[in-house]
Amino acid sequence: MSINPISRRAALSGMLAGVTAAMSSRDSQAAGTASTPSKRNKIALEEHIDFPGGEHLVFHPTGIDDAHWRRISERLFDVEQFRLPAMDANGVAMQVVSLTANGIQGEPDPRRAIDLARTANDWVWSKFVSAHPTRFSAFAAVALQDPQAACKEAERAVTQLGFKGVLVNGYCNVGDENTGEYLDLPKFAPFWECVQDLAVPVYLHPRCPLPSQRLIYQGHDEMVAAMWGFGAETAAHALRLITSGLFDRYPRQQMILGHLGEGLVAMMARAQRRFEYTPCGKHLDKPLAQYMRDHFYITTSGNFHTPTLDGVITEVGIDRVMFSVDYPYEDMAEGASWFDGCPLEGQAREQVAHLNAQRLLKLA
Ligand code: ZN
């Protein structure tokens, strides 16, 4: 029996709506009639940009069609030509923009990383946030290669530029491309203290596994990135944060995961069961799933699938799920028309469309 606002029968009709929507993939195309508040007022939280001088930080997917990649690259820098018209056409009132993967986490030189983070945030502020304050907000880029510097930049971005949180693209390279540091390591304590004090969420965004740790994908370049590797990497990273006791040490810290939870939500029950048999010295105050419900928000970015949305709402609750697209990697019209057609109703629909994001990010 379904215990959330999407009934099983309605889920099927939502799935069909998603399939229909997938046939339309022009970002300038309207998602449908903007007749209800949720169809006009959507807030999208995993929407990416690049900045001049940051081109080398952009992950280039293997095997992508050249013309398609040029289209994406063009849109990473764009504000007025494609992005705002697509938002208008599809009822996206606001994008919370962030530097695309690998972003600052892919810069192995700590000194350069610090400078690039500052440059990226200043660019976002001038081109997006201050130029269009009612349409754009932002997550800060930070150089976790130096946790104290990351803390300083997060504080500057939030208190001076008005950014709403921090987005981190997975582990951080330090020194070279095969050295990575995950955010549960003790050295990152100053960063977590800082963001908890600022009372802003951290969006844990995917990247590929370290180049030296891709045996499982050998001969399968198609799997290493967004098809599978992104989710596997990010789910494991989020689970590391939980089992490290991070949220017992920082009980007010909030996180965001995209892509309907990177597969992690579906695995929580089994993870809990086996963690109890083999905790390997780890001690947590609460069951794993409770950390998900207390510390994680989940967005729909790039995973426009009603049965999965249904499961995520059941696991984490309707007040922790938020609409997103993953523009320009995903098509805004497709994401918006799936969401506008999925069988969420009434208050539940408004919560996912914009109310949860407004509350979490303290948006007007
Ligand atoms: Zn993304």
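## Where α10 meets α11

In this predicted model, Val265, Met268, Ala271, Gln272 and Phe275 of α10 meet Leu288, Ala289 and Met292 of α11. Sorted by class, the contact of α10 with α11 holds seven nonpolar residues, one polar residue and no charged ones. If you want to find the pair on screen, α10 covers residues 264–277 and α11 covers residues 288–295.

The two helix axes come within 8 Å and cross at roughly 140 degrees. Oblique is the label for α10 relative to α11, because only angles over 145 degrees would count as roughly antiparallel.

## Where α5 meets α6

From α5, the residues Ile114, Ala117, Arg118 and Asn121 take part, and they meet Ala149, Glu153 and Ala157 from α6. By class, the contact of α5 with α6 comprises four nonpolar residues, one polar residue and two charged residues.

## The whole chain

Stepping back, the protein chain has 14 helices and ten strands. Of its 364 residues, 51% are buried. Among contacts with a separation of 6 or more, 83% link residues 24 or more positions apart.

## The sheet, strand by strand

Eight strands form an open sheet with parallel pairing, in the order β1-β2-β3-β4-β7-β8-β9-β10. Which strands stand at the edges? They are β1 (42–49) and β10, and each has a single partner strand, so one side of each is left without a neighbour in the sheet.

Moving along that order, β3 (residues 136–140) runs parallel to β4 and is joined to it by two bridges. Phenylalanine 139 has glycine 165 in β4 as its bridge partner. Strand β4 (residues 165–169) is in turn joined to β7 by four bridges, again in parallel. In that pairing, asparagine 169 is partnered with histidine 205 of β7.

## A closer look at β7

Tyrosine 203 stands opposite isoleucine 256 in β8.

## Nonpolar cores

The largest nonpolar core has 94 residues, and those touching the most other members are Ala138, Ala140, Val142, Ala154 and Val166. Helix α5 supplies the largest share of this core, with eight residues.

Valine 142 is a handy place to start exploring. Setting aside neighbours within four places in sequence, valine 142 is in contact with Ile104, Ala117, Ala150, Glu153, Ala154 and Val166. There is also a second, separate core of five residues, among them Val224, Ala225, Ala226 and Phe230.

## Backbone features to check

Some backbone angles deserve a look if you are preparing this model for your own work. Most residues other than glycine have a negative phi, and most peptide bonds are trans. Leucine 260 has a positive phi of about 50 degrees although it is not a glycine, and leucine 260 lies in the loop between β8 and α10. Why does leucine 260 count as buried? Leucine 260 has 25 C-beta neighbours inside 10 Å, and the label buried applies because 20 or more are required. Lysine 362, also not a glycine, has a positive phi near 55 degrees. Lysine 362 lies in the segment after α14 (346–361) and is exposed, with 9 other C-beta atoms within 10 Å.

The bond from alanine 101 to asparagine 102 is cis, with omega near 0 degrees, and asparagine 102 sits in the loop between β2 (92–99) and α5 (110–129). Tyrosine 327 and proline 328 are likewise joined by a cis peptide bond, with omega about 0 degrees. Proline 328 is found in the loop between β10 (321–322) and α13 (332–341).

Notes
Residues numbered from 1 in each chain as written. Predicted model: local features only at pLDDT ≥ 70, side-chain atom pairs only at ≥ 80, totals over all residues. Pairing = 2+ DSSP bridges. Buried ≥ 20, exposed ≤ 12 C-beta atoms within 10 Å, placed from the backbone. Axes fitted to C-alpha atoms, helices over the stretch in contact; angles between N-to-C directions. Parallel < 35°, antiparallel > 145°, perpendicular 65-115°, else oblique. Contact = placed C-beta atoms within 7 Å. Nonpolar A, V, L, I, M, F, W, Y, C, P; charged D, E, K, R; others polar. Core = buried A, V, L, I, M, F, W, Y, C linked by C-beta atoms within 7 Å.
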